[in-house]
Amino acid sequence: MDIFNVITPGPYLTVQDRGRFGYQKMGIPISGALDSHAFHLANALVGNPPDSAALEITILGPRLEILSETDIALTGAEMKMALNGNPAKCWESMRVRPGDILDIGQAKSGCRGYLAVGGGIDVPEIMGSRSTYAGGKLGGFQGRPLKKGDVIQNGRKNLLTRPRRLAYSDIPKYLTEVHIRAIPGPQDDFFDTGIRILFHSSFLVTAKADRMGYRLQGPLVSLKEGMPKSIISEPAVPGSIQIPADLQPIILLLEQTVGGYAKIATVISSDLSKIAQATPGDAIRFEPVSLEAAHMLHREEFHRLQTIISLLSSR
Amino acid sequence: MGKGLFKKAHFRIAGDCGLLVEYGDAIHPDVNHKVRSMGIILEKEIPKGVVEIIPTYRSILIFYDPFITTPGLLKQILIEQEKRLPEIKIPPPKLVEIPVCYGGAFGPDMDFVASVHGINEADVIRFHSEADYLIYMVGFTPGFPFLGGLPDILHTPRLETPRTMVPAGSVGIANAQTGIYPVSSPGGWRIIGRTPIRLFDPNRKNPILYQAGDIIRFRAITEKEYQQLFTAETG
């Protein structure tokens, strides 16, 4: 069914789901929602299964005309929202009807918002996912960010029998000083003092921060004496902290499969959502954790999310 | 033992869902052959909990689900599988022929490549299409093959300022490598021609026509052939 008519899209509005897996050997990155935590909660708030697609909003929200009756929810970055001019709340479901106008404003904290709609955004599944990979012109809505005049559809789904709302204590706070945990490696042996510098300094998020990666600025993360400036190109996992020739770290994210520089450390999975919410000018500090600790945090984060989701659906 | 091959695989931790296995430290066909063979063995019998297997120049990156497996367990499996390598018949690499219309509007850097090496366009075409190229890795954009085996005489540095848009199908040179842009993207390789073949189509059963470890050979075609093939591909 037609659900949204895009009146203004904002700077970068895309369809994303959990991501596209199994095709990195063909050069197709995972893509998907950069903040998976907020994304999953948005779907849960409107009663969708976790594989549904939602809209990822970047910094400034869209103005949308509603074309049919459904439930929607906005999560992630703290953005002002209004339905027909009346203030509306994030992190809870909201019934909308044909002719309604939804306005989503500028992010006050955080960077990316997730707008879920009952039944999920309905675009063709390409290679097992509805996520947009704009660099490869595939997936999502015609392989590109949304434009004025695009009409988007949603899947079929019954309306919620009662509204859903996230408990206040479960709403993430997006701070301007971001604390990120990372596991040293895969090329930590390329560094000696560089490791100390990475884990004992504060780095600024630069304007070059997007779904491919975040370029940081701070003290030089120098390589060990005599180490080559680049490595034989190899695949990189999301969260890889790559040190290029200018010795300023880049955190590689979801739209990059290959890198040619040493990776000093790798952000743990459960902290990738925090990077997705960091904006240019924010400060990032890294803390080293062991692989075992990272696996434990991964499990904790998963169970925490599952608990919230099952509470939402049982109420 | 081939050049650059490690005696024993090196394992590196790539975050909480990735394990990197290195089989050598050089860009060399022997190292890549080992990578390809291990990739084939692993794909045949994917270890429990493994989400993706990505072979590259000299290493394989394994994405795993930490709820199901651990890097320790995966290391054991990889070492065992490597021991079985001599008993396993590895199918020969596929040879893929790519028709290319060289020069003219399709190859804006053809004149530069020819003149910088003091040869003419016909020589560039001959050298480029005579060699067999090993696909060391696929990446950067969907289906982009990184090819080794470019004749020394054609080694040419990248553009100083990359182009903001290189059309899909463009064939380029960057130092000792050659490659093809399967989708339009920014790029800094020296472009000498274009193929009418759709190298990447997400709606095809095989979205790309080759994989890492296969061999590519270029065949020079005329502009007329290009147009015919292009129409056949898009029609």
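Which strand of chain A holds A:Thr14? A:Thr14 sits in strand 2 (residues 13–16) of chain A, strands being DSSP runs (E) of at least two residues, numbered from the N terminus.

A note before the views: this is a predicted model, where local features need pLDDT of at least 70, side-chain atom pairs count only at pLDDT 80 or more, and totals for chains, interfaces and linings use all residues. Residues are numbered from 1 along each chain as its sequence is written, and chains are lettered from A and ligands numbered from 1 in the order in which they are written.

**View 1. The surroundings of A:Thr14.** A:Thr14 counts as buried because 26 other C-beta atoms lie within 10 Å; the cut-off is 20 or more, with C-beta atoms placed from the backbone. Beyond its neighbours within four places in sequence, its contacts include A:Glu56, A:Thr132 and A:Leu146 (C-beta atoms, placed from the backbone, within 7 Å).

**View 2. Strand 11 (residues 202–209) of chain A and its partners.** Strand 11 of chain A runs antiparallel to strand 18 (residues 283–288) of chain A, joined by three bridges; strands pair if DSSP finds at least two bridges between them. Here A:Phe203 stands opposite A:Ile284. Strand 12 (residues 213–217) of chain A also pairs with strand 11 of chain A in the antiparallel sense, with A:Val205 opposite A:Leu216. A hairpin of three residues links strand 11 of chain A to strand 12 of chain A.

**View 3. Chain B against chain A.** Chain B gives 36 residues to the contact and chain A gives 31 residues. Strand 3 of chain B supplies the largest share of the chain B side, five residues.

Notes. Two residues are in contact if their C-beta atoms, placed from the backbone, lie within 7 Å. Helices (H or I, at least four residues) and strands (E, at least two) are DSSP runs, numbered from the N terminus. A residue is buried if 20 or more other C-beta atoms lie within 10 Å of its own, exposed if 12 or fewer, and partly exposed in between; C-beta atoms are placed from the backbone.
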